[in-house]
Amino acid sequence: MWALFQKHAPRSRTSLTQDAPATPLEALQERAARLGAAGADLAPFLKEQQALHRVWREPHREIAVFGLPNVGKSTLIRAFCPGASVHSSPVSSAEYRIERHIWRIPELDETVCLVDLPGVAQVGRAWDEVARDHALRAICVIYVCASDLTAEDETQLKKLIELNKPMLVAFNKSDLYTPQERQQIVAKLGEIIDRLTGLGTAPLQLAVANVGGSREITRVDASGNHHGEIQRTPPYLDEIWQGLAQILSLDAQTLAHWRQAAILTNAEEKLDLAQQDLLERRIEQCVHTHVIALIHHVLAEPQEFLAFAFPQMAAGQLLEELVTIMQIPLISKRRRQALLTHIAQSAPAWITILAERAASALAQNTQIALSGRRGAVLALSQGLALICFANAWRALNANAPELDAGQIEAQCYNSAANYPQTEIENLLKML
Ligand SMILES: Nc1nc2c(ncn2[C@@H]2O[C@H](COP(=O)(O)OP(=O)(O)O)[C@@H](O)[C@H]2O)c(=O)[nH]1
Ligand SMILES: [Mg+2]
């Protein structure tokens, strides 16, 4: 086994901590400062930034062991480095931990850190991301599976490969299959690997293994009595050793560069998400302010003819503000007017739907100081119609900046028809 390591041992290795802060990081930091000043949540970005500083400082290169639950990740690590010192940090509860196994490999003259990640889909969606982030920060990844890859596996792999993560797909528990079955699985995994290989430049290899199985056997003693016994199947780790040695022997600078680029890309994605989240919050705030103002306005003067006048009154203003927030090139006055007129003509149909719901919500809620129930129903349904309008406009605008009045009208109608009663009750609470 060690001979395999020696065979693939690196000829020379340069310092692991030499990758200097790069300008891309400074650019990201500037962007983060701008977003932070505007109120974005920077915590996920700062985590990646910390990770970058950590990998620059850390003496040990990390190998992440990643995959679905119960595929043998922890067993694999124990098989590799039974005597390793373990540092663990809890993930979401004491039950789920990220364990770091510091492992000295004399033959490679290197101490590495094997990171045992909680299984994907084990702790919850948010933690899948935590595990994925850890995998991205590692120098390479052993992706453990125990059969053919699922669509879930493939999605995880794709992301890692696109970010040039050197990967070893370890098909573990091979002892559980007949030779024919094993062959079929290996062929399928080979197909998937071929499909994914072109997505990145880092090596992607398959290793067949069984890192620690057991089987029940029956022994017959001298007096003819039968005894059940659990016997460990001999582990087969050679292909993993070989693949790992090959990856670790690659040029250290190239590996460090791939890792740094992956962390930076991930950090940039966190900023994209923070920006998106900030935008969503601003839009919500804008719509909310207009809706509340409109409701109060109509409550103050509850004349029925106003019920269908909302597009001219409020939708125009809302539209202008949304265009500014979303940084959409301003649509021409003429087009905007045509759009609002069209909406004004079609609005009665969907305001009527909303009015029924507003009335039933009000029947259970007397929080609003009503200037007559009829007025309150009117005001609420207008407010709701404005939300439907904003939703429709946003939904369509994401895909089609060329606004089409007919499409917006249809979306408004849909949004009104499906408007949840609970949302109306929430709105009532906010008034
Ligand atoms: N048959 C067989 N069982 C294995 C093998 N590797 C692990 N297991 C068993 O699979 C179960 C899950 O292993 P574990 O390492 O905890 O999986 P993890 O959730 O991915 O960390 C345990 O009962 C192991 O003994 C293997 O190569 N063959
Ligand atoms: Mg485990």
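## Around ligand 1

Sixteen residues, counted as 16 with a backbone-placed C-beta atom within 6 Å of the molecule, surround ligand 1 in this predicted model. Gly72, Ser74, Thr75, Asn210 and Gly213 are the closest. By type, the shell splits into nine polar, four nonpolar and three charged residues. Here Ala, Val, Leu, Ile, Met, Phe, Trp, Tyr, Cys and Pro count as nonpolar, Asp, Glu, Lys and Arg as charged, and the others, Gly among them, as polar.

## Val65 in its strand

Val65 sits in strand S1, residues 61–67 (strands are DSSP E runs of at least two residues, helices H or I runs of at least four, numbered from the N terminus). Val65 is buried, because 25 other C-beta atoms lie within 10 Å (buried takes 20 or more, exposed 12 or fewer, partly exposed in between, with C-beta atoms placed from the backbone).

Leaving out residues up to four places away in sequence, Val65 touches several others, including Lys73, Leu76, Asp116 and Ile142 (contact puts backbone-placed C-beta atoms within 7 Å). Tyr143 is 78 residues away along the chain, yet its C-alpha atom is 6.1 Å from that of Val65.

## Helix H6

In H6, Asp153, Gln156, Leu157, Leu160 and Ile161 are buried. They fall within an arc of 130 degrees seen down the axis, so they line one face of the helix (the arc uses directions from the axis to the C-beta atoms). Ala151 and Glu152, on the other side, are exposed.

## Reading the model

Local features need pLDDT of at least 70, and side-chain atom pairs count only at 80 or more, while totals for chains, interfaces and linings use all residues. Residues are numbered from 1 along each chain as written, with chains lettered from A and ligands numbered from 1 in written order.

How values were computed: Two residues are in contact if their C-beta atoms, placed from the backbone, lie within 7 Å.
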